[in-house]
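Dear colleague,

Please find below the structure that I am handing over to you. My notes on it come directly after.

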There are 2 protein chains.
Amino acid sequence: MEKWNVGIFVFDGVEVLDFAGPFEVFSRTRLQPGVEARLSDEGAPFDVFTVARRHADVKATGGLQVVPKYDFADAPRIDLLVVPGGFGTRPLLQDEETLDWIRSRARECRKLTSVCTGALLLAKAGLLDGKRATTHWAALDLLAEVGPLVKVDRERRVVDDGVITSAGVASGMDMAFYVVEQLFGKAVADETAHYIEYRRI
Amino acid sequence: MEKWNVGIFVFDGVEVLDFAGPFEVFSRTRLQPGVEARLSDEGAPFDVFTVARRHADVKATGGLQVVPKYDFADAPRIDLLVVPGGFGTRPLLQDEETLDWIRSRARECRKLTSVCTGALLLAKAGLLDGKRATTHWAALDLLAEVGPLVKVDRERRVVDDGVITSAGVASGMDMAFYVVEQLFGKAVADETAHYIEYRRI
């Protein structure tokens, strides 16, 4: 089976759980149930990696320091792009290099997703125009401002209108399980949730 | 207000959400509600940092690479020690340097906690003798084996018998919220959960 390459964008000021939640869910998904299957990454349906603008350590919210596996230039094909949020998204709204990279990866990927205020970057890149989308509850108005053509959904935790956006921070895990279920079925998603003792919503 | 120093032990093969979940919860807790309070770490009641045996990058489950802030020797006072789990705990069960460090930090800290199979390390260090404790569902028997004097609790998600242990992976977030509530009250814990859109159990 060819694996899905999951690229998770990381940047200074990314919210920890925004990227770590989907990283956990996708990287621990197995099509074979049980603990043994998790001892190695061999049978994993996803190959999950972080990508930053440059090969330099990234400082997430609270000071957690992460070494990105790839940078914009050397990242391999991305099938599933995760754009997380955090206060670090705000300066990136003016960063054409980041927006261009997201646009170009969005064109090639099979699923485009965001967590929390990662949706602001997708909106700014024009990728949510005409689509229903959500973000952190405190950024719903800002999403409408950044993307005047976005149909802001103020109710749902995960919104799939071709592009999959999720509400704040922890809802990125629900987004990830939603995608796992879409691709591999409810049994695989539920068994993975059971493995990591996460109660799906 | 003097901050609580939260030291989170990280090591090769630590499960991502085991350390990232509590890191998120503790580092985003604020006594003042709202989004503005999260723009800086100034008013935070916790100072959260990672600690590894050596100053070298740590490879978590799935390949996430983390730079520890401190090592065993230079870590400051730890008020709240978090020992996460993951398959990387197994070799550490034979590592006297790690067990000694946990023992010495356990003596000085005000709260000793574990997530998932981090409980195996606490048990091996003798810190759970005579106490009720839990771990990942697949490691409950192993916990009883590693710590024959541990009263293994097979039902609860968070067990507080002086030492606070939690069940698998995601339950570390419930453990963290439990501690936040103990220290700063239910309103602060609930508001922080609302901020990160986590539904407490």
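Predicted model: local features only at pLDDT ≥ 70, side-chain atom pairs only at ≥ 80, totals over all residues.

**The interface between the chains**

The contact draws 42 residues from chain B and 42 residues from chain A. Together the two chains bury about 3,600 Å² between them, and 64% of that area lies on carbon and sulfur atoms. On the side of chain B, the residues that lose the most area to chain A are B:F87, B:W137 and B:E197, which together account for 19% of what that side buries.

Polar interactions also cross this interface: 20 residue pairs are in polar contact, both residues being at pLDDT 80 or more. Several elements of chain B each supply at least two residues to the side that touches chain A, namely α1 (16-28), β2 (46-52), β4 (65-67), α6 (171-184) and α7 (186-195). Of these, α1(B) gives the most, with 8 residues. By class, this side of chain B has 22 nonpolar, 11 polar and 9 charged residues.

The rule finds 2 salt bridges across the interface. In a salt bridge between A:R28 and B:E15, the side chains meet at 3.1 Å, N to O.

B:R28 belongs to helix α1 of chain B and is buried, with a relative accessible area of 1%. Leaving aside residues up to four places away in sequence, B:R28 touches A:E15, A:T61 and A:F87 in chain A, and B:R38, B:D41, B:T192, B:Y195 and B:I196 in chain B.

Strand pairing crosses between the chains as well. Strand β4 (residues 65-67) of chain A is joined to β4(B) by 3 bridges, and the two strands run antiparallel. Within this pairing, A:V66 stands opposite B:V66.

**The sheet of chain A**

In chain A, 7 strands form an open sheet of mixed pairing, in the order β5-β2-β1-β6-β7-β11-β10. Its edge strands are β5 (70-71) and β10 (158-161), each of which pairs on one side only.

Strand β1 (residues 4-9) runs parallel to strand β2 (residues 46-52) in chain A, with 6 bridges between them; here A:W4 has A:F46 as its bridge partner. β1(A) also pairs with β6(A) in the parallel sense, over 3 bridges, and A:L80 is the bridge partner of A:V6. β6(A) in turn pairs with strand β7 (residues 111-114) of chain A, again in the parallel sense, over 4 bridges. In that pairing A:V82 stands opposite A:T113.

The side chains of strand β6 (residues 80-83) of chain A divide between two directions: A:L80 and A:V82 point one way, A:L81 and A:V83 the other way, and all are buried.

**Salt bridges within the chains**

Over all chains, the count comes to 34 salt bridges.

- The side chains of A:E191 and A:R38 meet at 2.9 Å, N to O. A:E191 lies in helix α7 of chain A and A:R38 in the loop between α1 (16-28) and β2, so the pair ties together parts that are 153 residues apart in sequence. Both A:E191 and A:R38 are buried.
- A:R54 and A:E97 form a salt bridge at 3.0 Å, N to O. A:R54 is in the loop between β2 and β3 (58-59) of chain A and A:E97 in helix α3 (residues 96-108), 43 residues apart. A:R54 is partly exposed at 46% relative accessible area, and A:E97 is partly exposed at 34%.
- In chain B, the closest N and O atoms of B:R157 and B:D174 are 2.6 Å apart. B:R157 sits in the loop between β9 (151-152) and β10 (158-161) of chain B and B:D174 in helix α6, 17 residues apart. Both B:R157 and B:D174 are buried.
- A:E2, A:R77, A:D79 and A:R110 are linked in a network of salt bridges.

A:V169 has a positive phi of about 30° although it is not a glycine. A:V169 lies in the loop between β11 (163-166) and α6 (171-184) of chain A, and it is buried at 1% relative accessibility.

A:E197, also not a glycine, has a positive phi of about 50°. A:E197 is located in the segment after α7 (186-195) of chain A. With 13% relative accessibility, A:E197 counts as buried.

With kind regards

Methods:
Residues numbered from 1 in each chain as written. Chains lettered and ligands numbered in written order. Heavy atoms only, no water. Contact = heavy atoms within 4.5 Å. Buried area = accessible area lost by both parts, 1.4 Å probe. Salt bridge = Lys/Arg side-chain N within 4 Å of Asp/Glu carboxyl O. Polar contact = N/O pair within 3.5 Å; in protein donor to acceptor, adjacent residues only side chain to side chain. Nonpolar A, V, L, I, M, F, W, Y, C, P; charged D, E, K, R; others polar. Pairing = 2+ DSSP bridges. Buried < 20%, exposed > 50% of the residue type's maximum accessible area, 1.4 Å probe, protein only.
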